[in-house]
Amino acid sequence: MPSLKAFFALVVLAAVGVQSAAAQVRLGAQGVEGEPNRAQQWLVPSPDPDTAAHAVLFRPIGDGPFRLAVIAHASVQNVLRRAQMPQPEYRALAAWLVARGFAVLVPERPGHGATGGKYLEDQGGCDEADYSRSGHATAAEILTALDYLRAQSFIRQDGTVVVGHSAGGWGALALAGADRPGVSAIIAFAPGRGGHANDFPNQVCAPQTLISAAAEFGHGARVPVTWLVAANDSYFSPDLSRKLADAFRAGGARADFHVLAAAGSEGHWLPETEAGVKIAGPELDRALKLSDSSTVKKR
């Protein structure tokens with residue numbers, strides 16, 4: 001019996017040691033810069049104190065300070081698929097932003113890929129889908145990473161842009177009402193939750209619940225939104241996306257909605273490809289010009 005007690009004591013001590021190691025992880029840059037665009041691995045904080053988020057940072061040549069763009073990635077409900085997700089990079093979109101003077105952070109949120117940890121943004125099943133809670137959870141993850149980068153000496157305190165894709169875009173909509181004076185624009189590519197319900201295209205879990213949550217996010221929203229969806233998006237179709245945008249605007253938010261040309265075989269992945277970013281380019285340019293003028297007015 002004493003040996004068994006000793007064994008369990010060792011197990012407890014090991015678990016405490018692992019937790020302590022996680023708490024003491026060194027945040028910030030994790031290695032040298034590489035290509036393209038000074039790509040560098042970082043660890044940034046997340047709302048879960050036990051989980052540091054893996055991220056990749058891209059930046060222009062020079063010391064800055066640069067405007068910051070944070071790209072919030074898409075997600076899946078399937079646990080195995082989330083665990084197997086490669087680290088998101090959005091290289092084409094990041095390169096487009098770097099060329100316009102932005103430092104670009106792409107954090108991998110808890111519950112995904114190498115970051116691991118608890119999945120904080122679970123929406124639940126179709127019958128009890130809580131899209132408001134999941135959106136706010138994603139928003140908190142985005143803002144935690146954003147605040148950490150804004151504390152770096154090479155980042156400007158104004159003119160930050162949040163670019164969200166799918167679930168990441170849904171979180172970006174939820175943070176439109178957050179008290180972050182330095183955030184000047186949100187660009188949301190096909191924002192939503194519950195798309196491809198049961199793996200069927202053009203099927204969305206509880207769409208009316210999703211629309212109601214979009215209206216809630218619109219109340220008190222401070223940051224202007226550019227809402228983009230491809231004509232051949234089978235996760236959140238242009239028709240549903242327009243209803244979501246209308247509900248968001250009905251809550252008082254400013255949202256410029258655009259249906260883009262079809263991109264590849266599945267338009268939902270438009271922001272992940274060079275061809276898709278080229279399609280979106282004119283609307284992205286317009287959104288950045290608006291954000292830049294907004295930044296000038298605030299100075």
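The structure is a predicted model, in which local features require pLDDT of at least 70 and side-chain atom pairs count only at pLDDT 80 or more, whereas totals for chains, interfaces and linings use all residues. Residues are numbered from 1 along each chain as its sequence is written, and side-chain values use heavy atoms, with hydrogens and water left out.

The secondary structure of the protein chain consists of 8 helices and 9 strands, where helices (H or I, at least four residues) and strands (E, at least two) are DSSP runs numbered from the N terminus. Of the 299 residues of the chain, 53% are buried, a term that denotes under 20% relative accessible area, with exposed meaning over 50% and partly exposed the range in between (1.4 Å probe, protein chains only). The chain exposes about 13,300 Å², of which carbon and sulfur atoms supply 57%; the areas come from the Shrake-Rupley method with a 1.4 Å probe. When contacts (heavy atoms within 4.5 Å) between residues at least 6 apart in sequence are considered, 70% join residues at least 24 apart.

Two packed helices are described by the angle between their axes and the distance between the axes. Here the axes are lines fitted to C-alpha atoms, for helices over the stretch in contact, and the angles run from 0 to 180 degrees between N-to-C directions. Helix α4 (residues 131-150) packs with helix α6 (residues 207-218) at an angle of about 50 degrees, their axes being 9 Å apart. The α4 helix is therefore oblique to α6, given that angles under 35 degrees count as roughly parallel, over 145 as roughly antiparallel, 65 to 115 as roughly perpendicular and the rest as oblique. Tyr131, Ser132, Gly135 and His136 of α4 meet Thr209, Leu210, Ala213, Glu216 and Phe217 of α6 in this contact. These residues comprise 4 nonpolar, 4 polar and 1 charged, with Ala, Val, Leu, Ile, Met, Phe, Trp, Tyr, Cys and Pro taken as nonpolar, Asp, Glu, Lys and Arg as charged, and the others, Gly among them, as polar.

The axes of α4 and α5 come within 7 Å and cross at roughly 85 degrees, which makes α4 roughly perpendicular to α5. On the α4 side the contact includes Tyr131, Ser134 and Ile142, and on the α5 side it includes Ala167, Trp170 and Ala174. The residues of this contact divide into 7 nonpolar, 6 polar and no charged. Helix α5 (residues 167-174) is mostly covered, with 8 of its 8 residues buried.

Arg109, in the loop between β5 (102-107) and α4, is buried at a relative accessible area of 4%. The side chain of Arg109 reaches the backbone oxygen of His73 at 2.9 Å and makes a polar contact with the side chain of Glu121 (2.9 Å); a polar contact is a pair of N or O atoms within 3.5 Å, of which, within protein, one must be able to donate a hydrogen and the other to accept it, and residues adjacent in sequence count only if both atoms are side-chain atoms. Beyond its neighbours within four places in sequence, Arg109 is in contact with residues including Thr138, Ala167 and Gly168.

Pro88, in the loop between α2 (79-83) and α3 (91-98), is likewise buried, at 9% relative accessibility. Pro88 and Glu108 lie 20 residues apart in sequence and 6.6 Å apart in space, C-alpha to C-alpha.
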